[in-house]
Amino acid sequence: MKYVDEFRDGTLACGLARAIAAEVRPSRDYHLMEFCGGHTHAVSRYGIQDLLPPNVRLIHGPGCPVCVLPIGRIDSAIALAQEHDVILCTYGDVLRVPASERRSLLQAKAAGADVRMVYSSLDALRIAQETPDREVVFFAIGFETTTPPTAAAVRQAKALGLKNFTAFCNHVLTPAAIRGILDSTAPEGTGRAKGARLDGIIGPSHVSTVIGSRPYEFVAEQYQRPVVIAGFEPLDVMQSILMLIRQINAGRAEVENEFTRAVNRDGNHKAQTLVAEVFDLRPAFEWRGLGVIPYSALCINAAYGDFDTERRFPIPYRAVADHKGCECGAILRGVKKPQDCRLFGTACIPENPVGSCMVSSEGACAAHYTYGRYR
Ligand code: SF4
């Protein structure tokens, strides 16, 4: 397949592995975080860690949308579906994420709530048009990649004059999460959960097609860490690791772009304009594992307030701790690996997830389990 096969070429991968091995310095370690769950999936699927020298360690980041959604937000969605008799629409993976007492939206559906899986925000809009006598809520989650489609649905609902459609906005922001992680690597006493040591960041692919590479520049300027935006294919990831190692060895901290076939510095201006029209920054938002991060999420603005679920329905929010024994929080901060969790592959498997990281294919635990990465 054009533009795919050539980025999965085994001979080229071996060449990149040799180049990395030749350039790493045996006297030091390299701790590189792949922020995005898509990269975590690729790393596990293609065994990229096994191609690297032992002193180059890949650390999985929090860039999996369902993984970072805190239990309290799923509890709120379940309450909406059960107590307000709405049609609650959301993406498939979200339905399986365990909430309080290991309940999920799927279980709420089995118990009689009208919960429906959709492939896009516009599916939810269509359901609202087809059922004008019912309230339809789109449970919107995700990073900058899925935010423009939610904005488009909200804008279209206003244009159509729909009275029975709202979006429960849980969209989150990648740069703020990176800042949260880098702050959590700060010395003890900062009040934040301790994070992993990071020497460089493999930047997201899809998110960066929307926001561009510019929003990562603070990482290099303020935190003196290099960032390389990488495509999703294994050679993209290998090339990005080589670029990071070269920056680290040279003492440089810059934002570089390996994924030039899709990402530029400024991103997708049309998508950014649409998002700015519909959303405001939230002053604070809780992330699973990372805690409350200021200005790290979006809410629907006053101009579109009629389409904001949180204005139409009372949705009390209660922060809830992760399940006992689940290490999702530490994994999302990069301080533990899936195999460090005693439930991994035993009580917790993709068919019966205990924590959010075992739900989506982009979750670190699911990726490790699916591809047999047990060490
Ligand atoms: Fe949580 Fe399951 Fe991963 Fe353990 S294996 S950290 S319980 S998702």
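Helix α2 of this predicted model has G37, G38, H39, T40, H41, A42, V43 and S44 buried (20 or more other C-beta atoms within 10 Å of the residue's own, with C-beta atoms placed from the backbone). With eight of its nine residues (37-45) buried, α2 is largely enclosed by the rest of the structure. Just past α2, G47 adopts a positive phi of about 60°.

Some notes on reading the model:
- Residue numbers start from 1 along each chain as its sequence is written.
- Local features need pLDDT of at least 70 and side-chain atom pairs count only at pLDDT 80 or more, while totals for chains, interfaces and linings use all residues.

**Helix packing**
- The axes of α1 (residues 10-23) and α12 (residues 234-250) come within 10 Å and cross at roughly 15° (axes are lines fitted to C-alpha atoms over the stretch in contact, with angles from 0 to 180 degrees between N-to-C directions).
- That angle makes α1 roughly parallel to α12 (under 35 degrees).
- On the α1 side, the contact (C-beta atoms within 7 Å, placed from the backbone) involves L12, A13, L16, A17, A19, I20 and E23.
- Residues of α12 in this contact include P234, L235, M238 and R246.

**Whole chain**
- The chain has 16 helices and eleven strands (DSSP runs: H or I of at least four residues for helices, E of at least two for strands, numbered from the N terminus).
- Its C-alpha trace spans about 65 × 50 × 45 Å along the principal axes.
- Of the 375 residues, 50% count as buried.

Methods:
A residue is buried if 20 or more other C-beta atoms lie within 10 Å of its own, exposed if 12 or fewer, and partly exposed in between; C-beta atoms are placed from the backbone. Angles under 35 degrees count as roughly parallel, over 145 as roughly antiparallel, 65 to 115 as roughly perpendicular and the rest as oblique. Two residues are in contact if their C-beta atoms, placed from the backbone, lie within 7 Å.
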